[in-house]
Amino acid sequence: MKAAVIYKSKSGYTKKYAEWISEAIGAKLYQGAEVKPENLKEFDTLIFGGGLYASGINGIKAIKKSINLYPTKNIIVFTTGASPGRKEEIDSVIKKNFTDQEQGVTKFFYLRGGFDYSKCSATDKLLMKMLEVILKNKKNLAPDERGMLNAYKTPMDFTKEENAKELIDYVKSL
C-alpha cells in the first residue's frame, strides 16, 4: 500500500496528527498547498486532515475534488477541533460537508486538537470575539462552553499520539 497524508493546519494541531500518522504508516506527507489533487495518482490511500472551523473542514475543496477524481482509492478524512467530539456533532459535520455519495466512499475520524486564541488569524479572532460575547451573555453555560471561555486566556492542547491509533490501525488493515 502506498499512502499520502495531506493536511491543512492553521494552529498546528492538525499538522501534529498528520506527522504522527505519516510516520506510523510510512506515508508521504504533504502540506495542503504543496500538492494538487491531480498529482496523487500514484497513491492507493489518501488521508486528508483539516481543522474544524464553524463546522467547516479546512481544505474541504481539495478533499472533495480528490474524492471525485479517485473513487476507487481508499479515502480517509480526519478533522481536529477543540470540542470533545460527540458523535452527533461529528455526524452533523460530516453531513454538512459531504454528500451521501461522498460519505459512502470516505472513512471519517475525529481527533481532538485544541485551541490557542493567540494563533488565530485576524478574521478568526473577530469571529471568536463574537462567540466570546455570546457565551459571556448566556445565562447557563454548558461545561464545554465554560471551557471555551477559559481557553481565550489559557490555550488548550488535547493532542495525543494515541488519539490517532484507531485511524492508524484502520489504514494498516487495508
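**Entry 1: helix α3**

I looked up what covers the buried residues of α3. The cover includes β3 (45-53), β4 (56-57), α2 (60-69), α4 (100-104) and β6 (106-112). I note that this is a predicted model, where local features need pLDDT of at least 70 and side-chain atom pairs count only at pLDDT 80 or more, while totals for chains, interfaces and linings use all residues. Residues are numbered from 1 along each chain as its sequence is written, and side-chain values use heavy atoms, with hydrogens and water left out.

Helices (H or I, at least four residues) and strands (E, at least two) are DSSP runs, numbered from the N terminus. Contact means heavy atoms within 4.5 Å. Buried means under 20% relative accessible area, exposed over 50%, and partly exposed in between, with a 1.4 Å probe and protein chains only.

Which residues of α3 are buried? In this helix, residues 87-97, I found Ile90, Val93, Ile94 and Asn97. Seen down the axis of α3, these buried residues fall within an arc of 95 degrees, so they line one face of the helix. The arc is taken from the directions from the helix axis to the C-beta atoms. On the other side of α3, I found Glu88, Lys95 and Lys96 exposed.

**Entry 2: the cavity**

On a 1 Å grid over the protein atoms alone, a cavity is a set of points where a 1.4 Å probe fits but cannot get out; a pocket is an open set with protein on both sides within 12 Å along at least five of seven lines; lining residues have an atom within 4 Å of a point. Grid points are joined across faces, edges and corners, and a volume is the space filled by probe spheres set on the points.

The structure holds 1 cavity of 30 Å³ or more. The largest cavity has about 60 Å³ of space. Its lining includes Leu52, Val77, Phe98 and Phe108. Which element gives the most to this lining? It is α3, with 3 residues. I sorted the lining by class: 9 nonpolar, 1 polar and no charged. Here Ala, Val, Leu, Ile, Met, Phe, Trp, Tyr, Cys and Pro count as nonpolar, Asp, Glu, Lys and Arg as charged, and the others, Gly among them, as polar.

**Entry 3: the cores**

A nonpolar core is a set of buried Ala, Val, Leu, Ile, Met, Phe, Trp, Tyr and Cys residues joined through side-chain atoms within 4.5 Å. The largest has 22 residues, and those with the most contacts inside it are Ile6, Leu40, Leu46, Phe48 and Phe98. β1 (3-8), β3, α2, β5, α3 and β6 each supply at least two residues of this core. Another core lies apart from it, with 17 residues, among them Tyr17 and Ile47.

Leaving aside neighbours within four places in sequence, Leu46 is in contact with residues including Ala4, Ile6, Leu40 and Ile76.

**Entry 4: the pockets**

The largest pocket has a volume of about 1100 Å³. It is lined by 42 residues, of which Leu52, Ala54, Ala82, Ser83 and Met148 lie nearest its centre. By class I found 19 nonpolar, 13 polar and 10 charged residues.

The second largest pocket has about 190 Å³ of space. α2 gives the most to its lining, with 5 residues.

**Entry 5: Glu132**

Is Glu132 buried or exposed? Glu132 is buried, with a relative accessible area of 9%. Glu132 sits in helix α5 (residues 122-137). Not counting residues up to four places away in sequence, Glu132 touches Leu149 and Tyr152.
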